[in-house]
Amino acid sequence: MIAVEYFAQQAVNALALGGTYALLALGLAVVFSILGLINFAHGELMTITGYGLVFSLATGMPYVGALICGVALAVFCAVVMERVAFRPVRRASTTTMLLTSFAVSSILHTAFQNFISARPKPVPVPEWLGGAFTIAGIQIGAIPSLSIIVTVVALAALVWFFQSWHTGLAMRAASEDFAVTRLMGINANRVIAASFAISGFLAAVAGVLWLFQRGSVDPMLGFVPVLKAFIAAVLGGLGSLQGAVLGGLILGATEVMLRAYLPEALLGFRDAIALALIIGLLILFPNGLMGRPIQAR
Amino acid sequence: MLTVDQLSVHYGPVKAVKKVSLDVQPGEIVAVLGANGAGKSSILNACLGLAPRSAGSITLAGARIDRLATEAIVRLGLTLVPEGRRVFSGLTVMQNLSLGGSVIGKDREAAQRSLEWILTLFPRLAERRSQLAGTLSGGEQQMLAIGRALMSKPRLLLLDEPSLGLAPNIVDLIFDLIIGLRKEGFTFLLVEQNAELALDTCDRAYLIMNGAVAAQGTPDLFRQSDLVGLAHFAASG
């Protein structure tokens with residue numbers, strides 16, 4: 001019984017972490033599918049959400065208001081990032097765009113370190129999130145449960161947006177064929193700005209969930225998660241939105257389950273084992289699990 | 001209506017189009033003929049800002065359009081059905097059509113009218129409305145590509161190789177449609193490799209060889225002088 005309970009708890013953790021990775025990977029995939037850009041500054045949007053939350057709370061704002069401010073700030077910064085940094089190099093090679101995203105990322109790191117603080121700033125987490133509750137005799141933490149609910153709601157909202165909104169359809173069309181999308185009279189800049197806004201929103205939501213787990217924000221906060229999200233997006237098939245979600249869930253579940261079940265002597269190799277499994281999957285599915293085949297060069 | 005004057009298109013060092021001039025009058029069907037690789041598609045793409053224009057001007061109804069963004073040109077009433085149809089294969093027929101109507105904006109009634117008009121032009125699309133475009137046959141995809149372009153009620157429609165890879169009965173259907181739409185006031189500029197078919201349909205034709213205009217005139221002129229045969233000879237020799 002204890003083994004079952006332990007497994008159930010770990011399954012909840014796996015879904016929670018996988019969901020957070022899925023949101024991040026989806027944010028990367030939304031931009032990649034349209035621009036062919038892997039935005040390594042995506043993680044900085046998580047950090048911006050954290051600082052937005054901390055500083056809003058410092059003004060005495062109610063918690064929900066501060067959350068909204070944090071998320072809105074990340075969306076705004078994502079759109080500004082595209083306008084200032086990526087639009088001028090849009091017609092350049094993908095390598096140029098990739099390097100630009102590294103530049104944006106390190107400029108933001110440095111700015112956080114110099115203008116805010118190199119040290120972690122504590123993020124107050126609402127008290128009820130510290131607790132746990134019991135379902136069918138199994139104790140489950142409030143934060144992982146919240147992560148799962150938020151992920152499901154965010155994904156459902158996104159599916160609705162991509163199915164029913166004109167801008168959502170235009171984004172899907174642009175990811176298939178950008179030139180023909182413009183032939184529909186659809187404004188290219190608007191579609192790209194919308195993709196950055198959505199990716200900023202996803203980074204912000206994932207950022208809040210990440211902050212609740214960690215309890216603090218520092219300049220490097222986004223680095224590790226965005227790396228994981230990149231792995232997840234590649235695993236799912238770069239550019240595939242469903243693939244990004246699937247890749248995120250698989251990566252999160254693998255990490256949690258390895259942490260829970262590896263013998264102590266091997267725990268240090270956790271990441272290496274997780275990555276080896278993923279390389280194995282990529283050998284079986286060279287285009288990612290749901291990627292479109294890339295033509296041989 | 002459309003005037004292309006001394007247009008040149010370069011892809012890097014490659015000159016695809018050399019000082020081409022042509023014009024289309026309202027209500028006309030004009031054909032651009034020539035062998036594969038002669039530069040026909042580049043002319044159409046340049047009209048919509050999709051190919052790099054290195055010299056020359058393009059004018060629509062008296063206004064220069066050669067520096068405008070593709071979407072701005074479409075909003076002026078000029079659009080292109082690209083070679084190879086290029087429907088959005090992951091979207092349904094209805095979603096493809098609704099994107100085609102983007103120019104209409106928020107006027108839902110006008111969008112609905114356009115949609116009903118397209119579905120009466122192409123009853124086959126009505127039957128397949130919730131199917132993914134990628135699962136349609138080649139002919140149905142061409143109908144969808146043309147229907148999608150017509151959703152914006154363009155004044156002038158450019159068609160790039162509308163007959164390519166289609167069964168003869170579908171080709172007839174599409175060319176009958178073009179002739180029918182011309183009677184309703186639409187204007188067409190079409191690129192065709194199938195010269196006989198194009199000459200049966202058009203009012204005037206241009207022959208493009210090696211990126212330049214080699215001849216122009218009425219279908220009769222082309223037939224009498226066997227200019228088309230010459231073009232094919234030039235391409236294969």
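1. Among the elements covering the buried residues of helix H3 of chain B are helix H6 (166–176) of chain A and, from chain B, helices H4 (108–121), H5 (123–127) and H6 (138–150). Buried means that 20 or more other C-beta atoms, placed from the backbone, lie within 10 Å of the residue's own. Helices (H or I, at least four residues) and strands (E, at least two) are DSSP runs, numbered from the N terminus.

2. This is a predicted model; local features need pLDDT of at least 70, side-chain atom pairs count only at pLDDT 80 or more, and totals for chains, interfaces and linings use all residues. Residues are numbered from 1 along each chain as its sequence is written, and chains are lettered from A and ligands numbered from 1 in the order in which they are written.

3. H3(B) is largely enclosed by the rest of the structure, because seven of its eight residues are buried. Val93(B), Leu97(B) and Leu99(B) are among them.

4. Chain B gives 21 residues to the contact and chain A gives 15 residues (in contact: C-beta atoms, placed from the backbone, within 7 Å). On the side of chain B, helix H2 (70–75), strand E6 (78–81) and helix H3 (93–100) each give two or more residues.

5. Chain B also has an open sheet of four strands, antiparallel in pairing, in the order E2-E1-E4-E5. Strands pair if DSSP finds at least two bridges between them. E2 (14–24) and E5 (63–64) of chain B are the edge strands. Six bridges join E1(B) to E4(B); Val9(B) has Arg53(B) as its bridge partner.

Note on methods: Contact = placed C-beta atoms within 7 Å. Buried ≥ 20, exposed ≤ 12 C-beta atoms within 10 Å, placed from the backbone.
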